[in-house]
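Keep the sequence at hand.

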Amino acid sequence: MFLWIPQGVLSAMFVAAGVLRATQPRDKLISQPPWVSDVPTPAVRLIGVAEFASGLGMILPGAFAIATVLTPLAATGPAVIIVLAMGLHARRKEPQAIGFNAILLVVAAVIMWGRFGPYSF
């Protein structure tokens with residue numbers, strides 16, 4: 001239970017963000033996260049698909065006990081996305097976004113530690 005709660009929260013955040021970034025028109029996306037104006041549309045779509053897949057991968061394998069090795073790997077995906085996002089926010093001088101991403105990175109790291117280590121499936 002210790003890891004299911006942060007997994008569920010992080011998964012829901014990434015699935016929701018992924019669906020929005022993969023499906024919404026660019027002009028609608030620019031009004032929400034301002035970094036979208038600095039990133040080409042195909043890259044935003046790719047980020048959205050990666051976020052969506054990682055979000056599902058953190059929950060579904062463990063919930064259905066199928067290919068459970070994918071759960072810690074799926075937690076690694078958001079960690080990579082978060083680190084890259086922190087670099088983008090640093091270039092854009094957005095310290096609040098960096099702080100929020102740092103919190104998400106800690107959550108992803110705890111999930112990776114637990115699912116690769118003592119609490120693996």
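Contact here means heavy atoms within 4.5 Å. The model is a predicted one.

Take the pairing of H3 and H4 to begin with. On the H3 side, the residues in contact are Ala50, Glu51, Ser54, Gly57, Met58, Pro61 and Gly62. They meet Leu70, Thr71, Ala74, Ala75, Gly77, Pro78 and Ile81 in H4. By class, the residues of this contact divide into 8 nonpolar, 5 polar and 1 charged.

Now the geometry. Helix H3 spans residues 41-64, and its axis comes within 8 Å of the axis of H4. The two axes cross at roughly 155 degrees. Angles over 145 degrees count as roughly antiparallel. H3 and H4 are therefore roughly antiparallel to each other. The crossing of H3 past H4 is left-handed.

The largest nonpolar core has 12 residues. Its members are Leu10, Phe14, Met58, Ala74, Ala75, Ala79, Ile81, Ile82, Met86, Leu104, Ala108 and Ile111. H4 gives the most, with 6 residues.

Which residues is Ala75 in contact with, leaving aside its neighbours within four places in sequence? They are Met58, Ala108, Ile111 and Met112. Met58 belongs to H3 and meets H4 there.

A second, separate core has 6 residues, among them Leu29, Val36, Val39 and Leu88.

Definitions and conventions: Residues are numbered from 1 along each chain as its sequence is written. This is a predicted model: local features need pLDDT of at least 70, side-chain atom pairs count only at pLDDT 80 or more; totals for chains, interfaces and linings use all residues. Side-chain values use heavy atoms; hydrogens and water are left out. A nonpolar core is a set of buried Ala, Val, Leu, Ile, Met, Phe, Trp, Tyr and Cys residues joined through side-chain atoms within 4.5 Å. Buried means under 20% relative accessible area, exposed over 50%, partly exposed in between (1.4 Å probe, protein chains only). Helices (H or I, at least four residues) and strands (E, at least two) are DSSP runs, numbered from the N terminus. Axes are lines fitted to C-alpha atoms, for helices over the stretch in contact, and angles run from 0 to 180 degrees between N-to-C directions. Angles under 35 degrees count as roughly parallel, over 145 as roughly antiparallel, 65 to 115 as roughly perpendicular and the rest as oblique. A crossing is left-handed if the near helix is turned anticlockwise from the far one by less than a right angle, and right-handed if clockwise. Ala, Val, Leu, Ile, Met, Phe, Trp, Tyr, Cys and Pro count as nonpolar, Asp, Glu, Lys and Arg as charged, and the others, Gly among them, as polar.
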